[in-house]
Amino acid sequence: MEPACRKDKPKLNSTPTRGDRARQKSAQQEHKQRQRAEIYALNKVMTELEQQQFESFCKQMQSQGE
Amino acid sequence: MTGPTSPSRTGTSSAKLSRHGRSKSTSAHCLLRCAAREESAASSPNNGARSPGEEEEKDGGVLFYVNRTGFPIEGVTWERMWSHVAVVHPEGQEMADRIRNAAYLPKHHVPSVPTFKPSMSVPDWLVSIQNYMKALQYNHTGTQFFEVKKSRPLSGLMETAREMIRESLPIKCLEAVILGIYLTNGLTSLERFPISFKTQFSGHCFHHVVLGVYCNGRYGSLGMSRRPDLMDKPLAHRTLGELVAEFESSYKRYQHTLKKVKIGLYVPHDPHVFQPIEWKHLVLNAARLGAQEMRKELEKHGRDMRMKVACETHTHTHTHTHTHTRTHTHSIKTT
């Protein structure tokens with residue numbers, strides 16, 4: 001095959017380009033960042049819940065003791 | 001001690017349970033029970049994972065899922081986390097949706113990894129590490145984000161520690177031990193060893209683990225727990241017995257009875273070592289030993305460990321390789 005023909009040969013759609021990979025990586029990073037934000041928002045809520053329950057448990061134990 | 005954050009998932013099929021069941025090599029196990037027991041969950045000071053090879057024990061009704069597939073967290077694990085919290089939290093799905101559907105969520109600051117400076121004292125360095133772990137926060141979500149297999153080679157666990165730093169997410173007690181080891185590697189004047197606790201409250205057993213540290217004749221600890229007095233202790237305790245007694249005293253505040261203490265061997269500073277961490281070189285049944293005898297055994301173990309290091313240092317100096325791998329399972333019977 002002549003070199004010129006090789007240049008005209010269409011690229012396979014399944015082969016990701018460098019640009020695709022970069023976009024994929026960027027999307028993955030954003031996804032991870034969003035997950036991290038949700039995790040910490042959730043952890044804040046669950047930490048508060050645990051603290052409330054612990055305090056009421058302590059009060060309960062204290063009143064039982066009295 | 002936690003509030004009743006234990007999962008109260010009823011109706012979980014046995015197929016699901018067995019798929020997420022505990023393997024002997026892992027210290028982090030997935031949901032095994034359905035029913036929550038509020039009183040025991042309320043008293044749980046820490047949801048520590050079980051050690052490998054231990055008999056089946058109810059961990060006080062406090063259970064957790066484990067993310068085993070890396071980051072970003074894949075769909076099944078992610079949805080499971082949210083389903084779990086929706087069951088546990090009084091506001092249920094509404095709470096979950098509020099967060100998941102929020103257009104904007106504040107970006108939690110990524111804490112800077114502590115870097116050791118030669119001018120820092122060992123206690124200051126430990127404070128710096130502990131502050132870093134506290135900045136990551138204790139994980140109350142019910143899903144452990146990093147899988148820690150206690151039987152893995154140290155090198156593999158150090159890779160997990162690097163992942164914890166990279167991903168910067170909340171952690172629990174076992175993860176904190178691994179991270180503590182990683183961050184203290186290279187500080188050869190500091191020895192690190194795991195301390196595991198098994199306690200009992202209201203007929204339920206609870207497990208916890210911290211990283212014991214020893215430097216210049218003093219003992220302390222690093223770790224993470226729901227309760228601030230069950231994690232870091234300053235490098236101020238003259239003996240190992242004193243340090244453990246301090247933890248026992250902390251547990252008593254939550255009406256927990258200490259049942260067992262397991263002390264591991266010093267962890268090597270070389271992060272590329274292939275051998276696993278020795279988690280239970282000394283196992284003490286606190287229920288059968290009196291306080292005085294416990295202290296005596298712990299102090300003896302502390303001396304043995306220090307002598308072992310001295311012996312190895314001495315032989316190393318004389319270009320002798322002396323591997324002293326005596327497994328010391330204490331003769332005191334365990335339940």
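This is a predicted model: local features need pLDDT of at least 70, side-chain atom pairs count only at pLDDT 80 or more; totals for chains, interfaces and linings use all residues.
**Entry 1: salt bridges, the count**

For my tally, a salt bridge is a side-chain nitrogen of Lys or Arg within 4 Å of a carboxyl oxygen of Asp or Glu. By that rule I get 15 salt bridges over all chains. Between chain B and chain A, the count is two.

**Entry 2: a pair across the chains**

I looked up one of the bridges between chains. B:Arg227 and A:Glu50 meet there, with N and O 2.9 Å apart. B:Arg227 sits in the loop between strand 5 (218-222) and strand 6 (233-237) of chain B, while A:Glu50 belongs to helix 2 of chain A. Are these two buried or exposed? I put the cut-off for buried at under 20% relative accessible area. B:Arg227 has 2%, so I call it buried. A:Glu50 has 1%, so it goes down as buried too.

**Entry 3: pairs inside chain B**

Next I picked B:Arg100 and B:Glu79, whose closest N and O atoms are 2.6 Å apart in a salt bridge. B:Arg100 is partly exposed because its relative accessibility is 25%. B:Glu79 comes out at 38%, so I noted it as partly exposed as well.

Then I turned to B:Arg253 and B:Asp229, a salt bridge with N and O 2.5 Å apart. B:Arg253 is in helix 8 (residues 240-253) of chain B, and B:Asp229 is 24 residues away in the loop between strand 5 and strand 6.

**Entry 4: where the chains meet**

How much area do chain B and chain A bury between them? I have about 2900 Å², with 65% of it on carbon and sulfur atoms. Chain B puts 47 residues into the contact, and chain A puts in 23. I also have 15 residue pairs in polar contact between the chains, both residues at pLDDT 80 or more. On chain B's side, helix 2 (38-43), helix 3 (75-88), helix 4 (92-100) and helix 5 (122-136) each supply at least two residues. Helix 3 gives the largest share, five residues. Sorted by class, chain B's side has 28 nonpolar, 14 polar and five charged residues.

I zoomed in on B:Ile99, which lies in helix 4 of chain B. Its relative accessibility is 7%, so it counts as buried. Among its contacts are A:Arg34, A:Glu38, A:Leu42 and A:Val45 from chain A, plus B:Trp82 from chain B.

**Entry 5: nonpolar cores**

Which members of the largest nonpolar core touch the most others? Out of 60 residues, they are B:Ile171, B:Ile178 and B:Leu179. Helix 2 (18-65) of chain A is one of the elements that supply at least two residues of this core, and so is strand 4 (204-215) of chain B. Helix 7 of chain B gives the most, eight residues. For B:Ile178 I listed some partners beyond four places in sequence, including B:Val148, B:Leu157, B:Met164 and B:Trp279. Another core lies apart from the largest one and has 25 residues, among them B:Ile195 and B:Val244.

**Entry 6: a polar residue inside**

Last, I checked B:Gln144, in strand 2 (residues 143-144) of chain B. I marked it as buried because its relative accessibility is 3%. What does its side chain reach? I found the backbone oxygen of B:Phe146, at 2.9 Å.

Note on methods:
Residues are numbered from 1 along each chain as its sequence is written. Chains are lettered from A and ligands numbered from 1 in the order in which they are written. Side-chain values use heavy atoms; hydrogens and water are left out. Contact means heavy atoms within 4.5 Å. Buried area is the accessible area (1.4 Å probe) that two parts lose on being put together, summed over both. A polar contact is a pair of N or O atoms within 3.5 Å; within protein, one must be able to donate a hydrogen and the other to accept it, and residues adjacent in sequence count only if both atoms are side-chain atoms. Helices (H or I, at least four residues) and strands (E, at least two) are DSSP runs, numbered from the N terminus. Ala, Val, Leu, Ile, Met, Phe, Trp, Tyr, Cys and Pro count as nonpolar, Asp, Glu, Lys and Arg as charged, and the others, Gly among them, as polar. A nonpolar core is a set of buried Ala, Val, Leu, Ile, Met, Phe, Trp, Tyr and Cys residues joined through side-chain atoms within 4.5 Å. Buried means under 20% relative accessible area, exposed over 50%, partly exposed in between (1.4 Å probe, protein chains only).
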